[in-house]
Amino acid sequence: MKTGIIGLPQVGKTSLFKILTKAKLEDTGYSNPKETHLGIAKVPDERLDKLAVFASTRKTVYASVEYSDVAAIGQEALKDAGMLTNLRPVDAFIHVLRAFEDDSIAHVGPIDPLRDVKNVEFDLMISDLTQIEKRLERLEKDLKKQRLPEFEKEQALLLRCKEALEVEKPLRELELDNEEKKLIKGFMFLSLKPILYALNLSESTTLGDDLEAAPAKFNLLEVESRPNSGVTAFCGKVEAELAEMDDEEAADFLGSYGLRESGLVRLIRKSYQLLGLVSFFTVGEVETRAWTIPVNCRAQEAAGAIHSDLEKHFIRAETIHWDTLLAAGSEANAKARGELRLEGKDYIVKDGDVLNIRHSG
């Protein structure tokens, strides 16, 4: 699953990408809108850390999110085929918003994240509307030749999408059933993608409180409440310093700002959740690992995340929630208490489940 990092110029977008993915990029900017950077970030998870200690494991493997960083967005940039080629395949967006004051970094007009949200959203919707109008023209010609039911269904759905966009309602806010989602999946509409707004704040001695208060301070509470949307905050300057520290030094540094965890940890976690993903765990002395699955995934399908043979030859899943296992103190105790259950192929795996797959392979 891939998350695209977007934003206006000079908002800290590429800096965020570098911190997230530990990428070593030259600060030369982008001269070509077709240029993109890709990187992987692990999803921090205290549950996995505790399970690894519990099992005295030799290797801990975190879930991960792939991020792509493309050139600054805007109506003109969205007319470029190269830019669209980079944006369309991603599964969700992080839209970085400038909420910091810095005279050394150019900015047009006052700092106003809500205005930037509206402007970029408008550009995404215009791009989708242009695409829909072109497709509707083609469909109208095709329907004159032959009135196929699939053409009529597509036309009706696209007209509904067009109506929404014309009143400036992004497609992610439409209620679509599974058939409708499948029907328009190939268009890869930009305003259909889930979006996480990331406010890049100024450094302050009260940063912990500032991060919590940011959505309300910058009038993004209504934006946060919209379907398939979210808001978080971070301080790029502080995160850049944290990225250069070891764990002990970073913990002390965070404490000086009244923080228990960095803004980026929350951002990664929220982008993971925004994609509709959860984690289950496998635990052992050799390896303790987080596996990524969609919400409402069946046990047999979850087994396939580990290996296709486990899905094919699935029998049962030994299942226990991570905190129940830790409270039991050992797997033997959990079994004795009746807390380690055997579940069938249709069991819906919950976020934080520990699974041991029984199979016939």
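This passage walks through the overall build of the protein chain and then a handful of local features.

The model is predicted, so local features need pLDDT of at least 70 and side-chain atom pairs count only at pLDDT 80 or more, while totals for chains, interfaces and linings use all residues. Residues are numbered from 1 along each chain as its sequence is written, and side-chain values use heavy atoms, with hydrogens and water left out.

Starting with the big picture, the secondary structure of the protein chain comes to 15 helices and twelve strands; these are DSSP runs numbered from the N terminus, with helices being H or I of at least four residues and strands being E of at least two. The C-alpha trace spans about 65 × 60 × 35 Å along its principal axes. Of the 361 residues, 46% count as buried, where buried means under 20% relative accessible area, exposed means over 50%, and partly exposed is in between (1.4 Å probe, protein chains only). Among contacts with a separation of 6 or more, 69% come from residues 24 or more positions apart, contact being heavy atoms within 4.5 Å.

On to the rings: the structure holds two aromatic pairs. Phe 187 and Phe 189 are stacked, at 5.0 Å centre to centre with 5 degrees between the planes. Phe 187 is buried at a relative accessible area of 15%, and Phe 189 is buried at 1%. The other pair, Phe 253 and Tyr 257, is edge-to-face, with ring centres 5.2 Å apart and planes at 70 degrees; both of these residues are buried too. For reference, rings of Phe, Tyr and Trp (its six-membered ring) pair if their centres lie within 6.5 Å, and planes under 30 degrees apart count as stacked, over 60 as edge-to-face and the rest as tilted.

Leu 199 belongs to strand 6 (residues 195-201) and is buried, at 0% relative accessibility. Leaving out residues up to four places away in sequence, Leu 199 touches a set of residues including Leu 97, Pro 113, Phe 218, Leu 220, Val 231 and Phe 234. Leu 220 is 21 residues from Leu 199 in sequence and 9.8 Å away, C-alpha to C-alpha.

Thr 57 sits in the loop between helix 2 (46-55) and strand 3 (60-61), and it is buried at 15% relative accessible area. Its side chain reaches the backbone oxygen of Glu 285 at 3.4 Å. Beyond four places in sequence, the contacts of Thr 57 include Ala 52, Gly 284, Val 286 and Thr 288.

The loop holding Asn 296 runs between strand 9 (288-294) and helix 12 (299-306), and Asn 296 is exposed at 58%.

Key
A polar contact is a pair of N or O atoms within 3.5 Å; within protein, one must be able to donate a hydrogen and the other to accept it, and residues adjacent in sequence count only if both atoms are side-chain atoms.
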